[in-house]
Amino acid sequence: MPFWSTNFRESTALKDPKRNFRFTVEFGGLEAGQSLVWWAKTVSKPSFSIADAEHKYLNHTFYYPGSVTWNEITLTVVDPVDPDVTATVMDIITQSGYTPPTDKNSLGTMSKAKAAGALGTITITQIDSEGLQLESWTLWNAYIKDVKFTDLSYGDDNLTETTLTLRYDWARVETSNPSVAAVGAGGKSFFGVAS
C-alpha cells in the first residue's frame, strides 16, 4: 500500500517514508565518544556513475556497461566552537601527513593510509522518527579532498560553516528492509566486503 494512502491511526507499526532531515554522520577518527558529528548540517549521500563502451556495427550502435566510479560527497558542518571544527579539520590534515615547507627538513608528505586513517571510517545513517537505522552508508578509504571555510561578513548573522569534500573508493549500504528486485535475493546489504 502506498504511504500516501495509509491510515496511520489504524496501526502504530506503520512507518513514515524516509525524510531528508533525519540523519547522522560519524567520523571514526575522532576521539572516543566524539565520533557522532552532531554539528553536521548537510551531507550528500554516496552516488556513482557507470561508464559505458559503445560498439558500432554497420549503422547500429550498441552499448555495454563498464567500470563504476564513485562520486565525491560534500559535508557541511556548523562550527559550535566546542568542539572547534577548524582545529579538528586542521588536525586531521596534519595527521594525513601534510606539513608546510617551513624549513628544509619538512619532508613529510600525505599518503592514502595516513589520510584515511586520520579521518577514520565515515558512516552516514538515515534514521526514522524513533532514531532507528533505516539506511546506513559506510565509506571505504575516505579522505578529505577539499576544505572551504565560510566567508565572513558584517551583514551576515548566520552560523559559521565549513564545507568538506570527501573522496572515497566505494561505499557499502545496509538497509532495514530487503530489496523487491525480482532478480535479487531480497538482500539488505550491498557492496560489502566478501567474508
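The model is predicted, with local features requiring pLDDT of at least 70 and side-chain atom pairs pLDDT 80 or more, while totals for chains, interfaces and linings use all residues. Residues are numbered from 1 along each chain as its sequence is written, and side-chain values use heavy atoms, without hydrogens and water.

The lining (residues with an atom within 4 Å of a point) includes Phe27, Trp39, Leu75, Val85, Thr88 and Leu164. By class, ten lining residues are nonpolar, one is polar and none is charged. Both β5 (73-78) and α1 (85-95) supply at least two residues of this lining, and α1 gives the largest share, four residues.

Six aromatic pairs are present in the structure, a pair requiring ring centres within 6.5 Å. The rings of Trp70 and Phe191 are edge-to-face (planes over 60 degrees apart), because their planes stand at 85 degrees, with centres 5.6 Å apart. Trp70 belongs to strand β4 (residues 60-70) and Phe191 to the segment after β11 (189-190), so this pair ties together parts 121 residues apart in sequence. Trp70 is buried (under 20% relative accessible area) at 8%, whereas Phe191, at 44%, is partly exposed (between 20% and 50%). The rings of Trp140 and Trp170 are stacked (planes under 30 degrees apart), with planes at 15 degrees and centres 5.4 Å apart. This pair links strand β7 (residues 133-140) with strand β10 (residues 170-175). Ring pairs also join Phe48, Trp70, Tyr168 and Phe191 into a cluster.

Conventions:
On a 1 Å grid over the protein atoms alone, a cavity is a set of points where a 1.4 Å probe fits but cannot get out, and a pocket is an open set with protein on both sides within 12 Å along at least five of seven lines; lining residues have an atom within 4 Å of a point. Ala, Val, Leu, Ile, Met, Phe, Trp, Tyr, Cys and Pro count as nonpolar, Asp, Glu, Lys and Arg as charged, and the others, Gly among them, as polar. Buried means under 20% relative accessible area, exposed over 50%, partly exposed in between (1.4 Å probe, protein chains only).
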